[in-house]
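Subject: Structure for you to look at

Hello,

Here is the structure I said I would pass on. My notes on it follow below.

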Amino acid sequence: MEATLKPEARRKPILKQEIAFLLIHLLPLGALFTGATLFDWILCGFFYFFRMFWITGGYHRYFAHKSYKTSRWFQFVIAFMAQTSAQKGALWWAAHHRHHHRYSDTPADPHSMKIYGFWYSHVGWIVGPDFKETDYKTIGDYAKYPELVWLNKHYLVAPTTLALVIMALGGIVDGGSITAMFSTAGFSALFIGFFLSTVITYHGTFSINSIMHKFGRQRYQTGDESRNSVWLALLTMGEGWHNNHHYYEVASRQGFFWWEIDVTYYILRGFQAVGLIWELKGVPDHIKFSKDKKHAQELKRQYDQSRPPVAKDERTEKTEENVEAS
Ligand SMILES: [Zn+2]
Ligand SMILES: [Zn+2]
């Protein structure tokens, strides 16, 4: 726990773990022996975007930033789905991400590319010895739910379930029956539909931690190195608007303007429309159109003054509306 709370001094990487992580990248090569069907490639693409959505909409916008509300049962579904990405437990993920925002691009940031370099900020911090534990204090608002703590501790349950589902799909579609999941049909689906897709999802997610703090444009002065990139926003379903996000992290959308494509946000809006989630937090105008926090305060004063005076009850409504509409 100490290591997570005072991470300025990083211990030496564990070579064995770095090699193990590299070996995961070789697992898809099993397809050289089984072959791969068109269906396996479709599974690979589908489960990349499927899991990317739950990472950004779940691990990130729900657990780390509380950008919307939901029921207790759906919260469990969110955690389970996000964990099919094999990026450890939702509480582990979100607690470290809160540290990242708190100490962004300072020595205490778990993964600052500016300070620790590309390899460390991309994967080194995950496979290294310093961030193995979940800091339950930082994520206390969710650690009070025993089912989430259980899932966090047994973080391989969700990815193993997905791997079996993918093998079963391969067996049914390419092998003609569910029992064929233990034949070539199931294993080729496992190598390409699960393992290759998992590895690509890793690098999609990790690129936000590493290169999104170096390459791209900075619209807002956040005091850190966060950047915006349309290409990464497309690949990561909205996470590429990382400078926007560092500027106003509680928003459920990271593309602040209509042209900033943020597919995760569109899906979250869909979930809201059918009543699965609610109270999506928006981006107030004084934040959206400002350059830095001081400018935002000035704009807020200006906007408040130019607004016609309203009765007290209406004013409360207006504020909520403002949040909803953005
Ligand atoms: Zn960041
Ligand atoms: Zn964040």
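This is a predicted model: local features need pLDDT of at least 70, side-chain atom pairs count only at pLDDT 80 or more; totals for chains, interfaces and linings use all residues.

Several residues of helix 11 are buried, including Ala158, Leu162, Ile166, Met167 and Leu169. Gly170, Gly171, Asp174 and Gly175 are also among the buried residues of helix 11. The partners against which these buried residues pack are helix 4 (38-64), helix 5 (72-83) and helix 12 (184-209).

As for the whole protein chain, it contains 18 helices and two strands. Its radius of gyration is 21 Å, close to the 20 Å from the globule rule for 326 residues, so the chain is as compact as a globular protein of that length. Along the principal axes, the C-alpha atoms fill a box of roughly 70 × 45 × 40 Å. Of the 326 residues, 44% are buried. Among contacts with a separation of 6 or more, 66% are between residues 24 or more positions apart.

The domain assignment gives domain 1 (2-278) and domain 2 (285-325). Their C-alpha centres lie 34 Å apart. Four residues of domain 1 are in contact with four residues of domain 2. On the domain 1 side, those touching domain 2 are three nonpolar residues and one polar residue, with no charged ones.

Regards

How values were computed:
Residues are numbered from 1 along each chain as its sequence is written. Chains are lettered from A and ligands numbered from 1 in the order in which they are written. A residue is buried if 20 or more other C-beta atoms lie within 10 Å of its own, exposed if 12 or fewer, and partly exposed in between; C-beta atoms are placed from the backbone. Helices (H or I, at least four residues) and strands (E, at least two) are DSSP runs, numbered from the N terminus. Two residues are in contact if their C-beta atoms, placed from the backbone, lie within 7 Å. Domain bounds come from an automatic or database domain assignment. Ala, Val, Leu, Ile, Met, Phe, Trp, Tyr, Cys and Pro count as nonpolar, Asp, Glu, Lys and Arg as charged, and the others, Gly among them, as polar. The radius of gyration is taken over C-alpha atoms; the globule rule is 2.2 Å times the number of residues to the power 0.38.
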